[in-house]
Amino acid sequence: MKTVYALIISILSVALLTGCGGGGGGGDDFIGAARLGVSLNPSVIDTGDHVKVSVHVSNVHEDGIALKVRYASGLNYVLGTAFLSVDEHEIDVGPKVNAVSTADEYTYLVFYFTQSMFGEDEEGTLEFELEGTGEILDGRLEVDADVDDPLIDNDTEFNIEAPEFLAEDEAKIEVRD
């Protein structure tokens, strides 16, 4: 009988340890560059059509962030379409990096934002457009945020051949030929 109780206590302990604290927590307990969520409208397009990308950003680190977007060939960034919406204000922004990595053949857009750009609530939405240029059957658009290193100039901080990308959120995209 003692072994049954010991087993039950072990199982409950593991359940409590694995059930708590996952997924970044909430409120003031969050530690990271920022919380991200991405959506596309529409998620299926023809070549030549545009898709609107919306990246919701919150809990921005005090040093600011490098917001990285990754997607496969078959999509191109539409110049002049990137805006950061914060507290009903739109800020015209553009990516510091818009390049294809020969290491993994993905296109990367990198935007640099200070914490103060997100207002008192540290929350906003980056929106921009991509144009379908080639067929993508089962594609993903992914986002990642890193803390902006204040000691490195943003012109050289991101290395396209070693992007250090770990997707925090993604959305499915299809481009029909």
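Select Glu 122 to begin: with 26% relative accessibility, this residue counts as partly exposed (between the limits for buried, under 20% relative accessible area, and exposed, over 50%, with a 1.4 Å probe and protein chains only). The model is predicted, so local features need pLDDT of at least 70 and side-chain atom pairs count only at pLDDT 80 or more, whereas totals for chains, interfaces and linings use all residues. Residues are numbered from 1 along each chain as its sequence is written, and side-chain values use heavy atoms, with hydrogens and water left out.

Glu 122 lies in the loop between β9 (106-113) and β10 (123-132); strands are DSSP runs of E, at least two residues, numbered from the N terminus. Its phi is near 50°, a positive value in a residue other than glycine.

Next, select Glu 88, in the loop between β6 (83-86) and β7 (89-92). Here phi is near 65°, again positive in a non-glycine residue. Glu 88 counts as exposed, at 85% relative accessibility.

Move to Pro 42, in the loop between β1 (35-41) and β2 (44-46). The peptide bond that joins Asn 41 to Pro 42 is cis, with omega near -10°.

Finally, display the lining of the largest pocket: Ala 66, Lys 68, Tyr 112, Asp 146, Val 147, Glu 157, Phe 158, Asn 159, Ala 162, Pro 163 and Glu 164. Two or more of the lining residues come from each of β4 (65-72) and β11 (136-147). A pocket is an open set of points on a 1 Å grid over the protein atoms alone where a 1.4 Å probe fits, with protein on both sides within 12 Å along at least five of seven lines; lining residues have an atom within 4 Å of a point. The volume, the space filled by probe spheres set on the points, is about 160 Å³.

Methods:
Helix = DSSP H or I, 4+ residues; strand = E, 2+ residues; numbered from the N terminus.
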